[in-house]
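Dear colleague,

Please find below the sequence and structure for your review. My notes on what was found follow directly after them.

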Amino acid sequence: MELKRVVVTGLGALTPIGNNVPDFWEGLTNGVSGAAPIKGFDTEKFKTKFACEVKNFNPEDFLEKKEARKLDPFVQYALVATDEAVKDGGFDFEKLDTNRIGVIWGAGIGGLKTFLDEISNFAKGDGTPRYNPFFIPKMIVDIAPGHISIRYGLRGPNFATVSACASSTNAMIDAFNYIRLGMADVIISGGSEAIINEAGMGGFNAMHALSTRNEDPATASRPFDKDRDGFVAGEGAGTIILEELEHAKARGAKIYAELVGGGMSADANHITAPHPEGLGARMVMTNALKDAGLTTADIDYINVHGTSTPLGDISETKAIGTLFGEDAYRLNISSTKSMTGHLLGAAGAIEAIAAILSVKNDIVPPTINHFTDDPAFDPKLNFTFNKAQKRTVRAALSNTFGFGGHNASVIFKKYED
């Protein structure tokens, strides 16, 4: 059967460097750091006292007070970003077949704040189980796509993907496949995460995964820098609306880019450490290129996973060098996590938006906070250090890798009729 073409027709973002897509893109291209001392809880006894929190966000500016109280922050973020994407895409669902419009959403952890609050309250009590009746519905990962579908009356495919930090990229790949196989016309995809709380920060600190550069939070996320010491936690949501091409054209939709391929693989190596030679990373990019019908010569920009961890950055770069060969030297590579921090399950969606906008605008956002070259990296690679670069971006590849060895990559290219 002939596969249908899939295009991007709506974007929404709620991030540590901008609470909508235009502000997010401006923050990216200007090299703005979203890291700052944590305001959400008392960090006095914590090893890491900073993160990339969403700023100036009041859920009651977007949701009824009674509704907001029933939602974990990760769902609030999902609804706000999706509302922007729906408006951006010019969707009037009353005029469309909502039986063929779905929601496939990603989150790595889900309602951690809700879980923390409920268990803390129970521990303070006398053992009597006095739980909020919304405890479970607020916490479970799939409640985010559930709420989105209820909000807009969408009765197509509806579920959540969980693959740690690859979650929202896996969600996009699932959405892509449902549409190109003719099983849906439109799918709202993306991801959200809200783990900047005592449990999230304490847990990642216990793993020695987080940067502890408390004296200078703004420069703590340092992908590919010799002195990188761990990732910076982030939070927020990204929504990408994918649509079958002819359906989009019939309603006169604007088209940002075309999603042409997705790849998946497993490291099969370790629960947290990447394969030292980047075998899983190389395989996932190979699979994405094959799916897209492209070669390494067709890719102009890679938005790398690039978390600012000692092992991860090296592994991914080895994979790029091995797969791309001489083509690696004409690429732009950048890690937007240097600005947003690591949004875990939402990282894939937020970074895909960065890749889509790079294709649309022919601008590659930078990897900020580079101070000292690391001899472990090939000096001929262009990491787009510290300043955005203008160049033609015919196609961009976005990588996301998760604890457990889960790898997912997507490729967007300029739309041509």
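The buried residues of helix H4 pack against helix H5 (135-139) and helix H8, where contact means heavy atoms within 4.5 Å and buried means under 20% relative accessible area, with exposed over 50% and partly exposed in between (1.4 Å probe, protein chains only). Buried in H4 are Leu 112, Thr 114, Leu 116 and Glu 118. The helix covers residues 112-124, and its 13 residues reach 18 Å from the first C-alpha to the last, close to the 18 Å expected at 1.5 Å a residue; the expected span is 1.5 Å times one less than the number of residues. Helices (H or I, at least four residues) and strands (E, at least two) are DSSP runs, numbered from the N terminus.

Please note that this is a predicted model, in which local features need pLDDT of at least 70 and side-chain atom pairs count only at pLDDT 80 or more, while totals for chains, interfaces and linings use all residues. Residues are numbered from 1 along each chain as its sequence is written, and side-chain values use heavy atoms, with hydrogens and water left out.

The sheet

An open sheet of 10 strands runs in the order E5-E4-E6-E7-E1-E8-E14-E13-E9-E10, with mixed pairing; two strands pair if DSSP finds at least two bridges between them. Strand E5 (158-161) and strand E10 (332-334) stand at the edges, each with a single partner strand, so one side of each has no neighbour in the sheet. From one strand to the next, the twist averages 25 degrees; axes are lines fitted to C-alpha atoms, for helices over the stretch in contact, and angles run from 0 to 180 degrees between N-to-C directions.

Strand E8 (residues 257-266) is mostly covered, with eight of its 10 residues buried. E8 is joined to strand E1 (residues 6-14) by three bridges, and the two run antiparallel. Val 6 has Leu 259 of E8 as its bridge partner, and Val 7 has Glu 258. Eight bridges join E8 to E14, again in the antiparallel sense, and there Ser 265 is partnered by Asn 407 of E14.

How enclosed is strand E13? Eight of its eight residues are buried, so E13 is largely enclosed by the rest of the structure. In a regular strand the side chains alternate between the two faces of the sheet. In E13, Ala 395, Leu 397, Asn 399 and Phe 401 point one way and Ala 396, Ser 398, Thr 400 and Gly 402 the other, and all are buried. E13 pairs in the parallel sense with E9 over three bridges, with Leu 397 as the bridge partner of Ile 302. With E14 it runs antiparallel over eight bridges, and Asn 399 stands opposite Ser 409. The hairpin of E13 and E14 has three residues between the strands, and Gly 404 there takes a positive phi near 100 degrees.

Helix H13 and its neighbours

Helix H13 has 15 residues and reaches 21 Å from its first C-alpha to its last, close to the 21 Å expected at 1.5 Å a residue. Of these 15 residues, 13 are buried. H13 lies across E1, strand E6 (186-193), E7, E8, strand E9 (301-303), strand E13 (395-402) and strand E14 (406-413), and runs at about 170 degrees to E13. Just after the helix, Asp 362 takes a positive phi of about 55 degrees.

Two packed helices are described by the angle between their axes and the distance between the axes. Helix H7 (residues 167-180) and H13 (residues 347-361) pack at an angle of about 70 degrees, with axes 5 Å apart. That makes H7 roughly perpendicular to H13, as angles under 35 degrees count as roughly parallel, over 145 as roughly antiparallel, 65 to 115 as roughly perpendicular and the rest as oblique. Ser 168, Thr 169 and Met 172 of H7 make the contact with Ala 347, Gly 348, Ala 349 and Ala 352 of H13.

A loop residue

Ala 218 is found in the loop between helix H8 (198-206) and strand E7 (236-244). Its relative accessibility is 33%, so Ala 218 counts as partly exposed. Not counting residues up to four places away in sequence, Ala 218 touches Ser 33, Ala 35 and Asn 369. Ala 218 and Ile 188 are 30 residues apart in sequence and 33 Å apart in space, C-alpha to C-alpha.

With kind regards
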